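Keep the 3D view open as you read.

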Amino acid sequence: MSANVARVWLGYRAPAGWRLGVTRLQAIVSILIALGCLGLSGCGYRDAQLAFRDAYASGDLAAAADLAARQQRWGPREHRLLWTLERGKTLLEDGQIAEARVALREAEAMMDDFDQEPETRLSAGITANIWNQLATTYRGRLSDRVLMHTYSALAALADSDFTEAQVQRRKASVAQTRAVQARHEALARTRSHERAGDVAPLLDDPSIKADIERARLAVDPAQVGTLNPWTSYLSALLMAAEGDASNARAEFARVAAMVPGNTFVQRDLADSAWLRSGSAGVVYVMMETGLGAVLDRRTVPYFTPWGGAGAVSLPVLRFERERVDEFQAGFLGRSGGADAVRSQGLMSLDSVVAADYDAEIEAVTLRAIMSLAVKESATITSRELAGDDNEWWILLLGSLWKLASAEADTRGWSSLGKRVHLVRMERTAGDSAMALRVAGLEAELALPPVRAVLVHARAVGGELAALTMPLTYEPLRDGP
């Protein structure tokens, strides 16, 4: 038995009022029902998530989108938001812009509905977690809403809907600001809970402590709170597209502070994007590469004489190996591509996911403790009510229940990449096409004859997908 888990449970007391309202039949039946329901939501989600990630990682975007659509429509309602996000992002990368926008709007509507509901208090959420934490409704992590609005803005731009792109970039900025406050409030609620003192011993357990520290080390200290440079940079470009040079420059300054070594951002800060530039035009390429971190589970077992065996299962982050350090972009027809420009890092999506994980792990641990408290109380009460002749098999059933239902919430947006890279290229009037090259892959893109162009690209599984979109209707100049 883990010493740290023992420290939590040797001081265990059943929740007041539980024993008074439980008959022998109710207690035993509750355990039997739980055993019959175990894993239906958890195993089903994990199998579908693995199948989706395998299809996505192989570059088969159509298969991944189809799987997400089936889960969105026919799968458990508890996971619907997550599958809607997966589908929207995958459709966008597959070039199915109209369908992607519909899916992303559906995800936004679900999040808006969740925001209107009173937040479930930790102490009142015990029964929701009695089977396993994957049986609760996924409402989205703090970064999910920010990134959803970011992808929605890109989808609107790809559909030439400049008005909606501006709406989405404003929503992304608001979501980033609100998320900072939400994190502080959630942490304060967790630490004021009556059983908050049980959290630290579990998080200090050697079987999970190293995983938590690894996740914390992945958080980029330059990314303040829930702000991320990709969302802020896109917001600055869209401000410039509106002609709002002053606010665009302020946003560029914020990004420059987060990625001080990125010379492309520094150039935009100096020139207010393309607004004060003397060049004929400019092309921005934002490429998402690799596969982002995913949540796995780490189970800490324990045993007590009065309640039998049990376990606490907590989520841990698993990071994929870095496979792409950069990409190159060059205009076609220029000295055989000898002018190719190397990308610079703009953002670590792993850092965003890790920051969410770090902000949530205390609350997640407390929910696991409260969930297990119900199971412990049900097992102990059932054993006592069953009498001496039957208590051994009640203890056995209770132990099986607690062990099998030690489920961590491992849900997360699994199609996110590992990093976002940036290229900014000055364009002349004769530059009508460009090529992208990354990890042996190449794509040629026609460029619209406007002064500012944005390319959103995704490299994964031996496939390179790219969308080209105008940032302005201003025509390309006849200058240099």
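Is glutamate 320 buried, partly exposed or exposed? This is a predicted model, and in it glutamate 320 counts as partly exposed, because its relative accessibility is 32% and the buried class stops under 20%. Its salt-bridge partner is arginine 53, with the closest N and O atoms 3.1 Å apart. That pair ties together distant parts of the chain: glutamate 320 sits in the loop between strands S3 and S4, arginine 53 is in helix H3, and 267 residues separate them. Arginine 53, at 8% relative accessibility, counts as buried.

The count of salt bridges comes to 34. Here are three of them:

| glutamate 320 | arginine 53 | 3.1 Å |

Aspartate 66 and arginine 70 are 4 residues apart in helix H4, so about one helical turn lies between them. Aspartate 66 is partly exposed at 39%, and arginine 70 is partly exposed too, at 44%. Over in helix H13, arginine 267 and aspartate 271 are also 4 residues apart, about one turn. Here arginine 267 is partly exposed at 40%, while aspartate 271 is buried at 14%. Elsewhere, shared partners join Asp211, Arg214, Asp296, Arg298 and Arg318 into one salt-bridge network.

Now for the holes. H14 supplies the largest share, 4 residues. By type, the lining splits into 9 nonpolar, 5 polar and 5 charged residues.

Key:
Residues are numbered from 1 along each chain as its sequence is written. This is a predicted model: local features need pLDDT of at least 70, side-chain atom pairs count only at pLDDT 80 or more; totals for chains, interfaces and linings use all residues. Side-chain values use heavy atoms; hydrogens and water are left out. Helices (H or I, at least four residues) and strands (E, at least two) are DSSP runs, numbered from the N terminus. Ala, Val, Leu, Ile, Met, Phe, Trp, Tyr, Cys and Pro count as nonpolar, Asp, Glu, Lys and Arg as charged, and the others, Gly among them, as polar. A salt bridge is a side-chain nitrogen of Lys or Arg within 4 Å of a carboxyl oxygen of Asp or Glu. Buried means under 20% relative accessible area, exposed over 50%, partly exposed in between (1.4 Å probe, protein chains only).
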